[in-house]
Each structure stands twice: as structure tokens, then as C-alpha cells.
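Please keep the sequence and the model at hand while reading.

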Amino acid sequence: MYTTSEQLMPLPDLWLPLPADSGIASDILTPQNARLWALVLEARYVPVRVEQNSTGWRVLVPASAFARALREVRLFEQENSNWPPPPPPARPLEENTLSTLSVLLLLAIFHNLTRFGVTLPGHASSDWFDLGNANAASILDGQWWRAVTALTLHADVSHLAGNLAIGGFIAVLLCRELGSGLSWALLLSSGILGNLTNAYFQLPAHRSVGASTAVFGAVGIFAAVSAMRCVHHPNRRGVIPAAAGLALLAALGTEGEHTDLGAHLFGFLWGIGFGIAAEFRLAISGRPGRMVNALLALASALIVIVAWWMAFTAGS
């Protein structure tokens, strides 16, 4: 018997298309599905081709690997059947804009009291700025209240207007998102801790005033809360709020001859920490009730009052 070389050569493998309904709900294979299946099969070392004809897109595999390819595609689709996850449910906003604007109005009125030299009953005429500025040496010497009082002082009307415009907008959004009491407590805390931290890194003669430390604390809180709500969403959407917060810090927190970059930065960082903690807590128990919000707002106001009382006491 004679044989030829053609008889000794193996027959070419037949390529078969995978059915479009191998794991997807639709019976139509889109270009995105075809490319994704091809990547999955290539990762599993299955030979694959992607073709387009008059009926649409096809993924072809050798007949000898057809069963394995079909199994891999179905497993992949089953494991990713709930992907991408749905966006987080929208949290109902609280209507508390009036109370938030009232706090901002009080800050503006307080600025006028300090600029016109109004004094407290029982105290001689005092320099509010000398008593309340965030002097690094004094803070490190134990006058912690300066980290609070400095937040309520402003160098001039333009300084006040800038903080009210930027901070007011963010504060309104934050209070509607978290509740007024919780928002102001977190905002004040980030401002205080931002000033305290800044004092450790500044020269002893460093002095600063302004609510901008708390304003950038609010930026950090809002960025962290928004990022935490999107942390499980695809395409890393949780990075967007954080990037926006950093961009705002870079754009507004570093400009000006007398800008205190350290205070802005530390306020922003403390705000991020408080924002993460707040969102964890809200995810478990929801927003605090009206009574808790009222107590937090009262505590925040008392901290400011006590701080100024200690400032006048120490200065008398």
C-alpha cells in the first residue's frame, strides 16, 4: 500500500461560532460583547477569532475547543451578571437652606462687631484680632481656643465675602446632604483641628484668621462623602469627587499673597477624614434625627462662645 504526503497531513480544524445567547440575555452579539469574549478566551488560552459578516459579529473557536470555550463564556457571564452595579440610591435632601444662611449671616454680623470695636460688658476695650488670631506660639503654649476664635475673624470685607461665597455654597450643599447640626459640627471640627495641626508646622510668630480652614474642611467632607457613595461603582467614579476637591484646593487655596496654604491643606485633610467617618455612619444608621441635629448645632455654638469667653478671660 502506498500513502501520499497529503494523507499524512492533519485535516485543518473547523472553526465554529459561539452562539450569541451563550450567557447574555440578548440573542444579538454586540461588538463590545465580541471583544470581551475574545479577551476572556485568550486569557484561558483558547484560540479565538472575531469576525463581522452580514448578520453581525461572531466569535469563532476551533471545533476541538468549542465545549471548553462555551463553558468559559457562560461562567464569565454568570459571574458578571450583576455588573456594573446600579448607582447608589439618591439620598433625599433636607430643606434647611434658611438655617444655613442664618449662620452665615451671623458670621457677617460678627465681623462688623469686631471691626467697629464693640466690646463685651465688663471688659475694657480689646483688640479682637489680638485676642483671637491663630498665633502658632500661643496655641502651642496652651491657648487652644485660638484655633476656634480665628475661624470667626476676617481681615477685611473682601476676605469675608470670599469665604461666605465659596463656603456658603458648599455649606448649603453639605447641610442638605447630611443635616444642619451634623454638617456644622463636622465643618467646625475640621476647621479647629486644621488650625491646631497647622500651628505645629508653622513658625512661632505665624498668625492667621479666617473661616477658610473650615471652608476647605467642608470641601474635604463633601468630596469624601461623595467618593464613598461611589466607591463600588465602575470606572472609578469615586475618584472624581476627590479629584474635584483637590482641584478646588489648588485653584482657590493657594492664591493670594497672604494665603495660609497650611491651614487650607490641613482643614481639607481633616475634612476628608470626617467625611469618610460620617458616610460610614450614615450608611449604617442614616442621618441623625432632629433632636440629635439640634444638640450638635447647640454644641457647635457653645464651643465658639466658650472659646471667645476664654480668649477675653485670658486677655483681661
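**Overall composition**

The model is a predicted one. The protein chain contains 13 helices and 3 strands. Of its 316 residues, 40% are buried. Among contacts in the chain with a separation of 6 or more, 75% are made by residues 24 or more positions apart.

**Helix 8 and helix 9**

Two packed helices are described by the angle between their axes and the distance between the axes. Helix 8 spans residues 157-178 and helix 9 spans residues 180-201. The two pack at an angle of about 125 degrees, and their axes lie 7 Å apart. On the side of helix 8, the contact is formed by A171, L174, C175 and L178. These residues meet S180, L182, S183, W184, L186 and L187 of helix 9. By class, the residues of this contact comprise 8 nonpolar and 2 polar ones, with no charged residue.

| Residue | Relative accessible area | Class |
|---|---|---|
| N293 | 8% | buried |
| N198 | 2% | buried |
| R229 | 23% | partly exposed |

N293 is located in helix 13, which covers residues 290-315. Since buried means under 20% relative accessible area, N293 counts as buried because its value is 8%. Which backbone nitrogen does the side chain of N293 reach? The side chain of N293 reaches that of L182, at 2.9 Å. Leaving aside residues up to four places away in sequence, N293 touches G179, S180, G181, L182 and P288.

N198 belongs to helix 9. With a relative accessibility of 2%, N198 is likewise classed as buried. Residues up to four places away in sequence again being excluded, N198 touches H206, D260, G262, A263 and F266.

R229 lies in helix 10, which runs over residues 212-229. Its relative accessibility of 23% makes R229 partly exposed. Along the chain, R229 and E279 are 50 residues apart, while their C-alpha atoms are separated by 7.7 Å.

Definitions and conventions
Residues numbered from 1 in each chain as written. Predicted model: local features only at pLDDT ≥ 70, side-chain atom pairs only at ≥ 80, totals over all residues. Heavy atoms only, no water. Helix = DSSP H or I, 4+ residues; strand = E, 2+ residues; numbered from the N terminus. Buried < 20%, exposed > 50% of the residue type's maximum accessible area, 1.4 Å probe, protein only. Polar contact = N/O pair within 3.5 Å; in protein donor to acceptor, adjacent residues only side chain to side chain. Contact = heavy atoms within 4.5 Å. Axes fitted to C-alpha atoms, helices over the stretch in contact; angles between N-to-C directions. Nonpolar A, V, L, I, M, F, W, Y, C, P; charged D, E, K, R; others polar.
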